[in-house]
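Please open the structure in your viewer and keep the sequence beside it. The tour moves from one selection to the next and says what is found at each stop.

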Amino acid sequence: MEGVMNLLTVSKFDGVQAVKGTFQLGGVRMNVYMYLVDELLIDCGPSRLQKEISDFLSNERYTQIILTHHHEDHTGNALIVPGSIPIYIHPTGIPLCRDKPHLPLYRRVFWGSRKPFAPKGIEHRIKTKHHTFELLHTPGHAPDHLALLEQNQGWLFTGDLYVMSHPKSIFAFESIPDVIQSLHHVLRYDFDTVFCSHAGVLQNGRKRLEEKLHYLLSIQNQVLQKHSDGKPASVIQKELFPDRHVLNYFSLFENSSKHIITSILHKNGLQ
Ligand SMILES: [Zn+2]
């Protein structure tokens, strides 16, 4: 497609390879990361980068794959992987991967589509030769979302739990109260370095997750306060988030600040 630039760059952090896919469409640039550690591939990237990713993988040794969740930018290349390599996901994600996804056009254009595939369910932990990763079920962004904790190294692979500290809009399928709960969940453990699927490797990542938690708790309090003052959701939205972002329009408001307000009111039985 014209105006699309695809790029794959690989960097190393301790024993972890961070594989960064970048592409640009019009004025919008997107980064997505996969990680390869001790022959474990964490996510397999969007099909938009299929050629670049399959070139990369053909030179690497990997014996198992775990998906942080079923979204197309994390699972789009599941079908190019040899059938002998097991692909794992949280059990909630199995039916979501078996179905053909009904993606809105902008997501098909950004990431490329994803064909149905059949991963195996996994919970609790995944082991490699030198590491044990505890699997932390962390819904909020997606129902099947997993974070991977390597306690000896102080690593946390966070999929899309973090992405940014101060989101001003979210997707219709996301829930702020569930993200808050999942952030509380992971912050009970000891870790320092965060491996995010869109922001990359964050040393001192624990601080970034704490920042996000405090921000979301403050937003939640403000929403509930304004609601108890008698303000409707549309007014709360305008007061807290007066600005719109280009992605809001691109996504035809599948991504919008409105979903921050409604997910909070909904969880509290107020809508
Ligand atoms: Zn996602």
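Throughout this tour, a residue is called buried when its relative accessible area is under 20%, exposed when it is over 50%, and partly exposed in between, as computed with a 1.4 Å probe on protein chains only. The model is a predicted one, in which local features need pLDDT of at least 70 and side-chain atom pairs count only at pLDDT 80 or more, while totals for chains, interfaces and linings use all residues. Residues are numbered from 1 along each chain as its sequence is written, and side-chain values use heavy atoms, with hydrogens and water left out.

**First stop: the zinc ion**

Select the zinc ion together with its protein donors, which are His69 (NE2), His71 (ND1), His141 (NE2) and Asp160 (OD), at 2.1 to 2.4 Å from the ion. A donor here is an N, O or S atom within 2.8 Å of the metal (3.2 Å for Na, K and Ca), and since water is not among the atoms, a site may look incomplete. Along the chain, the donors of the zinc ion follow the spacing H-x1-H-x69-H-x18-D.

What is the geometry of the site of the zinc ion? The angles among its 4 donor atoms run from 85 to 174°, and the site is irregular.

Now show the side chains of histidine 71 and histidine 141, which are joined by a polar contact of 3.0 Å. A polar contact is a pair of N or O atoms within 3.5 Å; within protein, one must be able to donate a hydrogen and the other to accept it, and residues adjacent in sequence count only if both atoms are side-chain atoms. Histidine 71 is buried, at 7% relative accessible area, and histidine 141 is buried too, at 9%.

At one end of the span, histidine 198 lies in the loop between strand E13 (193–196) and strand E14 (200–202), and its side chain reaches the backbone oxygen of asparagine 31 at 2.8 Å. Histidine 198 is buried, with 18% relative accessibility. Leaving aside neighbours within four places in sequence, its contacts (heavy atoms within 4.5 Å) include Trp111, Asp160 and Val163.

From there, move to tryptophan 111 in helix H4 (residues 105–111), which is buried at 7% relative accessibility. Apart from residues up to four places away in sequence, tryptophan 111 touches several residues, among them Phe23, Pro46, Glu72 and His198. Tryptophan 111 and glutamate 72 are 39 residues apart in sequence, yet their C-alpha atoms are 6.9 Å apart in space.

How many disulfides does a search of the whole structure find? The search finds 0 disulfides, a disulfide being a pair of cysteine sulfur atoms within 2.5 Å. Select cysteine 44, whose sulfur is 9.3 Å from the closest cysteine sulfur, in cysteine 97, and therefore too far for a bond. The sulfur of cysteine 196 is 17 Å from the closest cysteine sulfur, in cysteine 44, again too far for a bond. Cysteine 44 is buried at 0% relative accessibility, and cysteine 196 is likewise buried at 0%.

**Last stop: two backbone angles**

Most residues other than glycine have a negative phi. Aspartate 43, by contrast, has a positive phi near 75°, and valine 163 has a positive phi near 60°. Aspartate 43 is buried at 2% relative accessibility, whereas valine 163 is partly exposed at 28%.

Conventions: Four donors count as tetrahedral if all angles lie between 85 and 135 degrees; four count as square planar and six as octahedral if opposite donors are over 155 degrees apart and all others between 65 and 115; anything else is irregular. Helices (H or I, at least four residues) and strands (E, at least two) are DSSP runs, numbered from the N terminus.
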